[in-house]
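Subject: Handover of a structure

Dear colleague,

Please find the structure for your study directly below. I would ask you to keep it open while you read the notes that come after it.

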Amino acid sequence: MKKINLLLLCFIIFNACINNKKSNNSITLAQAHVILKKRQELDSLFNTNSFKELLIKINEYINEYPKDYNGWGALGAYYLYYGKNDSLAEFYIRKSISLDSDNVGFSEWGNLGLVYDRKKQYDSAYKYYRRAIKINPNYVVSYSNLAGERYVLGDYKNAIKYGE
């Protein structure tokens, strides 16, 4: 667990330094640690039934770090899973991706795939699920969503392939 936290902390520092180069700001190790703690708090709230508290914390995070794609992606995920508002989910996920399309995680692409799946725009859903899998080939949810999407289209061979 400590290795994962250290790796996340290194990524946050690297990401923050790159993002802050343009504005001549610098980030300290202590600041990066605070950001990591806040992201962990958001992650843990996603697994509870504290929807109001989660939304408040996401908005606080975005107000403090408006250029960090993680906050916008979390807001998109909130509306996708808890707010049941696919339009807002898509808007915030796309905002997240627009801030740093080269570094956003597989979850943003997978969530965008789910938005398009719900809209029955399966070609777009397929594209985003594949992008999520390319980033993290070990994340089974993307394969499961892709298998379900292929099944709905009657592509049973690929549904089985992605479901395995």
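Predicted model: local features only at pLDDT ≥ 70, side-chain atom pairs only at ≥ 80, totals over all residues.

Residues are numbered from 1 along each chain as its sequence is written, and side-chain values use heavy atoms, with hydrogens and water left out.

The whole chain

The protein chain has nine helices and zero strands; helices (H or I, at least four residues) and strands (E, at least two) are DSSP runs, numbered from the N terminus. Along the sequence the pattern reads α-α-α-α-α-α-α-α-α. Of the 164 residues, 38% count as buried. Here buried means under 20% relative accessible area, exposed means over 50%, and partly exposed lies in between (1.4 Å probe, protein chains only). A contact means heavy atoms within 4.5 Å. Among the contacts in the chain with a separation of 6 or more, 42% join residues 24 or more positions apart.

Confidence

The confidence of the predictor in each residue is given as pLDDT, from 0 to 100. The mean pLDDT of the protein chain is 80, and 84% of its residues reach 70 or more. Which elements have the lowest and the highest mean pLDDT? The lowest belongs to helix α1 (residues 2-21), at 44, and the highest to helix α5 (residues 86-99), at 94. Over residues 1-14 the pLDDT is below 50, and this stretch has 16 contacts in the model beyond near neighbours in sequence. Over residues 16-25 the pLDDT is also below 50, with five contacts in the model beyond near neighbours in sequence.

Two packed helices are described by the angle between their axes and the distance between the axes. The axes are lines fitted to C-alpha atoms, for helices over the stretch in contact, and angles run from 0 to 180 degrees between N-to-C directions. Angles under 35 degrees count as roughly parallel, over 145 as roughly antiparallel, 65 to 115 as roughly perpendicular, and the rest as oblique. A crossing is left-handed if the near helix is turned anticlockwise from the far one by less than a right angle, and right-handed if clockwise. For the residue classes, Ala, Val, Leu, Ile, Met, Phe, Trp, Tyr, Cys and Pro count as nonpolar, Asp, Glu, Lys and Arg as charged, and the others, Gly among them, as polar.

Helix α2 (residues 29-46) packs with helix α3 (residues 51-64) at an angle of about 155°, their axes being 10 Å apart. That angle makes α2 roughly antiparallel to α3, and α2 passes α3 in a left-handed crossing. The residues that meet include Ile35, Leu42 and Phe46 in α2 and Leu54, Ile58 and Tyr61 in α3. By class, this contact of α2 with α3 has seven nonpolar, no polar and six charged residues.

For α5 and helix α6 (residues 106-118), the angle is about 150° and the axes are 10 Å apart. This makes α5 roughly antiparallel to α6, and α5 passes α6 in a left-handed crossing. Among the residues that make the contact are Ala89, Ile93, Ser96 and Ile97 of α5, and Glu108, Trp109, Leu112 and Val115 of α6. The contact of α5 with α6 divides into seven nonpolar, two polar and five charged residues.

The axes of helix α7 (residues 122-135) and helix α8 (residues 140-152) come within 9 Å and cross at roughly 155°. Therefore α7 is roughly antiparallel to α8, and α7 passes α8 in a left-handed crossing. The meeting residues include Tyr129, Ala132 and Ile133 in α7 and Ser142, Leu146 and Val152 in α8. Nine nonpolar, two polar and three charged residues make up the contact of α7 with α8.

Single residues

Ser96, in helix α5, is buried, with a relative accessible area of 0%. Not counting residues up to four places away in sequence, Ser96 touches Tyr69, Trp72, Gly73, Val104 and Glu108.

Leaving aside neighbours within four places in sequence, Ser142 is in contact with Tyr129, Ala132 and Ile133.

Val141, also in helix α8, counts as partly exposed, at 36% relative accessibility. Val141 and Ser107 are 34 residues apart in sequence and 9.5 Å apart in space, C-alpha to C-alpha.

With kind regards
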